[in-house]
Amino acid sequence: MKILVGIKRVVDYNVRIRILPDGSGVDTDGVKMSINPFDEIALEEALRIKEAGNAEEVVVVSIGSDACQQQLRTGLAMGADRAIQVQVDGPVQPLTAARALLKVVEKEQPGLVILGKQAIDDDNNQTGQMLSALWGRPQATFASKVELAGETATVTREVDSGLEVIEVDLPAVITTDLRLNEPRFVKLPDIMKAKRKPLDTLTMDELGVSAENDIQVGHHAPPPQRQRGIMVEDAQQLVDALKERGLL
Amino acid sequence: MNKPALLAGLRRVVGEDFVRTDEDSLAHFGRDTCDLFEPAPSAVVFPDSTQQVRDLVLLANDQALALVPSGGRTGLSGGATATRGEIVVSMERMNAVIGSNPGDRTIECQAGVITAQVHAQAESMGLFYPVDFAASGSSHIGGNVATNAGGVRVIRYGMTRNWVAGLQVVTGAGEILELGKGLVKDNTGYDLRHLMTGSEGTLGIITGATMRLASAPGDAAVMVLGAEQMELLLPVLERFGSAVTVNAFEFFSEQALQQVIEKHRLQRPFETPAPVYALIEFEQANDGDVDAAMNAFEQCVADSLLVDGVISQSSSQAHALWRLREDISATLAHRQPYKNDLSVRVSAVPQFLAGVEAFIEQNYSGFEVLCYGHIGDGNVHLNILRPHGMGLEAFKKTCASISEGLFEMVQRFGGSVSAEHGVGLLKKDSLHYSRSAHELELMRSIKRAFDPAGVLNPGKIFD
Ligand SMILES: Cc1cc2nc3c(=O)[nH]c(=O)nc-3n(C[C@H](O)[C@H](O)[C@H](O)COP(=O)(O)OP(=O)(O)OC[C@H]3O[C@@H](n4cnc5c(N)ncnc54)[C@H](O)[C@@H]3O)c2cc1C
């Protein structure tokens with residue numbers, strides 16, 4: 001079986017985001033970029049499935065500008081066998097990403113696609129679900145445990161009410177939650193080896209997908225500053241303060 | 001003075017609510033993180049101004065009291081431990097950041113400001129306070145100055161001393177001094193600010209500190225590298241040092257790593273077995289830096305200096321790798337390790353480490369000995385763990401006598417028996433291995449000049 005894993009280049013989780021002064025977006029100039037953490041978990045899961053003997057090949061795919069080749073190389077160093085870049089300059093919205101991924105899926109015929117449940121830049125949480133619908137195959141989102149047996153996958157999902165276990169027929173789309181696994185560190189010798197692994201580039205034209213986005217983003221603004229708390233002397237003052245604000 | 005009168009005197013200075021004598025407070029504030037000494041203070045006081053500190057010192061002079069200045073109590077040498085009925089002067093309430101001055105690139109703090117808060121304040125100014133270590137979430141800036149704290153970025157930025165722009169101090173005689181005044185240049189005689197730095201509360205109580213800030217460094221990447229022997233790590237540092245800007249170069253032994261991994265259920269950096277590891281943090285201003293570091297790594301592997309290594313791919317991973325080093329001290333704490341904090345010149349580190357390894361084998365065969373430290377600064381922490389079943393006193397005695405051989409070796413190398421943790425109570429009997437009799441005599445006369453009645457931290461550093 002072949003596993004396809006999506007990898008997105010995003011602003012590093014620990015970077016304090018700055019909005020551009022004109023509100024047109026987030027300042028990414030000189031900002032540290034990393035693999036979307038959920039995608040790193042997706043790749044780790046794929047590698048573990050392969051290491052357990054349940055898959056032969058892991059292919060990482062990223063939709064983005066040439067800069068995302070850096071994250072693909074990291075994926076190769078973690079242990080992926082091949083990488084595919086779908087070249088797009090500028091932002092990619094979920095439906096566009098899902099359409100492009102569908103074309104790659106049709107080409108590669110994977111038995112399993114693992115994506116992050118969302119990318120931490122736009123927090124859309126849509127691409128996996130959209131790909132599943134376009135592809136006409138089952139989806140198992142928010143996975144915290146994945147077990148493969150023959151033609152099916154048993155997936156534990158993290159849902160609002162707790163955990164839900166479902167079984168899906170393969171091929172399927174799985175999206176990862178935080179607790180699925182802890183991604184490995186990248187070994188330095190493997191970074192050398194990754195330089196020799198294949199990285200193919202496809203264009204949206206070649207895939208026959210329009211890179212145009214359906215949603216126009218109007219404006220970006222930072223969240224309002226949190227107000228300082230106030231100290232109250234006793235329970236009565238607390239009750240009064242809450243009442244005053246209509247909270248009680 | 002009898003106890004009620006003493007307490008009444010203290011309360012007059014700091015106020016009714018800020019003198020504590022309950023058992024919990026005495027046990028808690030009576031010692032620092034070195035738990036080899038029994039705390040026995042008479043009271044703990046919490047002044048909230050330089051004036052109150054001064055009044056406490058004057059009271060101490062008047063009534064022949066002994067005061068123990070107390071910061072975040074993360075010290076590792078018993079410097080903030082009160083074993084003889086002293087009054088602990090906790091600086092906890094003097095925790096205000098007084099002001100920041102972007103033009104001077106300084107921030108001015110009361111002594112009780114937590115080190116991590118200085119980091120945060122500097123960051124909010126787009127600048128950087130570089131002294132950092134595993135206890136910076138609890139230690140005070142005043143405590144850092146009093147111990148001249150080092151930490152993990154000394155190799156690039158030096159010790160706390162380099163960043164002290166000005167100090168406000170109450171001397172043992174009760175005089176208030178304004179030292180340095182934030183000036184960059186001031187060659188008007190002896191720089192008393194530097195005498196206060198590292199004085200461990202024996203010359204004056206620091207009530208305020210103006211700290212210099214550095215430009216914020218670029219992104220950093222972290223590698224953990226495995227080697228067959230400790231002494232190979234210095235040539236590794238040389239190769240990386242000429243390839244990239246090194247922010248930190250730390251090391252730890254496999255035994256130390258195992259303790260941290262087991263306790264916190266962390267991920268091993270890699271499976272290849274290695275007896276020692278180096279952690280290197282370097283500035284990653286552009287892709288070229290990572291390539292240069294990769295080349296250095298390849299060279300080291302080709303020269304059989306390293307067996308394997310990993311590199312962080314995100315700041316979360318950098319943080320995860322740092323934990324392997326930074327969590328060691330806290331992980332071992334419950335075993336009450338006997339700590340040696342030794343340093344030699346960086347160029348002497350390989351021979352010194354070879355000597356240390358041989359020494360451990362010969363003298364500590366029955367003990368678990370864990371090594372880690374700031375190897376890039378020539379600084380090695382040797383932690384001897386108490387065997388289960390051995391009493392604390394017997395353990396302390398054995399370690400102290402074994403340490404003598406170690407200190408003789410340090411002396412032969414022209415090294416220090418306390419690289420960054422200070423002398424406090426723990427190392428005062430060993431001071432002569434690093435300082436000449438004449439130096440010690442000069443230190444004593446300096447102490448007398450600042451604190452003629454000997455009210456500040458008596459019995460610390462020397463008797
Ligand atoms: C997990 C861990 C890791 C550590 N790592 C390092 C490290 O890497 N490098 C390093 O250098 N140290 C390290 N330390 C030791 C310790 O954190 C430092 O020595 C720190 O600077 C002590 O600050 P503090 O505020 O806790 O001081 P305390 O422990 O409260 O006091 C230390 C000494 O300073 C005196 N003092 C405190 N405040 C004042 C004041 N306002 N005026 C005058 N004297 C005062 C005390 O009397 C005492 O002698 C570590 C400690 C721990 C627990």
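Predicted model: local features only at pLDDT ≥ 70, side-chain atom pairs only at ≥ 80, totals over all residues.
Strand β1 of chain A, residues 2-6, is largely enclosed by the rest of the structure, because four of its five residues are buried.

Two other strands of chain A pair with β1(A). Strand β4(A), residues 57-64, runs parallel to β1(A) and is joined to it by five bridges. Within this pairing, Ile3(A) has Val58(A) as its bridge partner in β4(A). Strand β6(A), residues 112-116, is also paired with β1(A) in the parallel sense, here over three bridges. The bridge partner of Leu4(A) in β6(A) is Val113(A).

In soluble globular proteins, nonpolar side chains tend to be buried together. The largest nonpolar core of this model contains 181 residues, and those with the most contacts inside it are Val5(A), Met211(B) and Val236(B). Val236(B) touches Leu225(B), Ala227(B), Ala278(B), Cys300(B), Leu305(B) and Leu306(B), leaving aside residues up to four places away in sequence.

Chain A as a whole contains seven helices and twelve strands. Its C-alpha trace spans about 65 × 45 × 40 Å along the principal axes. Of the 248 residues in chain A, 38% are buried. Among the contacts in this chain between residues at least 6 apart in sequence, 68% join residues at least 24 apart.

Is Leu248(A) buried or exposed? Leu248(A) counts as exposed because it has 10 C-beta neighbours inside 10 Å, and a residue with 12 or fewer is placed in that class. Leu248(A) lies in the segment that follows α7(A), residues 235-244. When residues up to four places away in sequence are left out, Leu248(A) touches Val239(A), Leu242(A) and Lys243(A). The C-alpha atom of Leu248(A) is separated by 55 Å from that of Asp66(A), a residue 182 places away along the chain.

The text now turns to the meeting of the two chains. Chain A gives 14 residues to the contact and chain B gives 15. On the chain B side, the elements that give two or more residues are α10(B) at 287-302, β15(B) at 308-311 and α11(B) at 315-326. The largest share of this side, four residues, comes from β15(B). By class, the side of chain B that touches chain A has six nonpolar, seven polar and two charged residues. Strand pairing also crosses between the chains: β11(A), residues 186-187, pairs with β15(B) in the antiparallel sense over two bridges. In that pairing, Lys187(A) stands opposite Val310(B).

Chain B is divided into domain 1 (3-90), domain 2 (97-215), domain 3 (220-329) and domain 4 (336-421). The centres of domain 2 and domain 3 of chain B, taken over C-alpha atoms, are separated by 30 Å. Where these domains touch, five residues of domain 2 are in contact with seven residues of domain 3. The domain 2 side of this contact divides into three nonpolar, no polar and two charged residues.

A hairpin in chain B deserves a brief look. Strand β5(B), residues 97-101, runs antiparallel to β6(B), residues 106-110, and four bridges join them. Val97(B) stands opposite Cys109(B) in β6(B). The hairpin has four residues between its strands, and Arg105(B) takes a positive phi near 55 degrees.

Where in chain B does the ligand lie? Domain 1 and domain 2 of chain B both give residues to the shell around the ligand, so the ligand lies between them. Of the 39 residues around the ligand, those that come nearest are Gly71(B), Gly75(B), Gly79(B), Gly143(B) and Gly201(B). The elements giving two or more residues to the shell are β3(B) at 67-70, α5(B) at 141-147, β10(B) at 204-212 and α12(B) at 328-332. The largest share, five residues, comes from α5(B). By class, the shell consists of 14 nonpolar, 20 polar and five charged residues.

Key: Residues numbered from 1 in each chain as written. Chains lettered and ligands numbered in written order. Near = placed C-beta within 6 Å. Nonpolar A, V, L, I, M, F, W, Y, C, P; charged D, E, K, R; others polar. Domains from an automatic or database assignment. Buried ≥ 20, exposed ≤ 12 C-beta atoms within 10 Å, placed from the backbone. Contact = placed C-beta atoms within 7 Å. Pairing = 2+ DSSP bridges. Core = buried A, V, L, I, M, F, W, Y, C linked by C-beta atoms within 7 Å.
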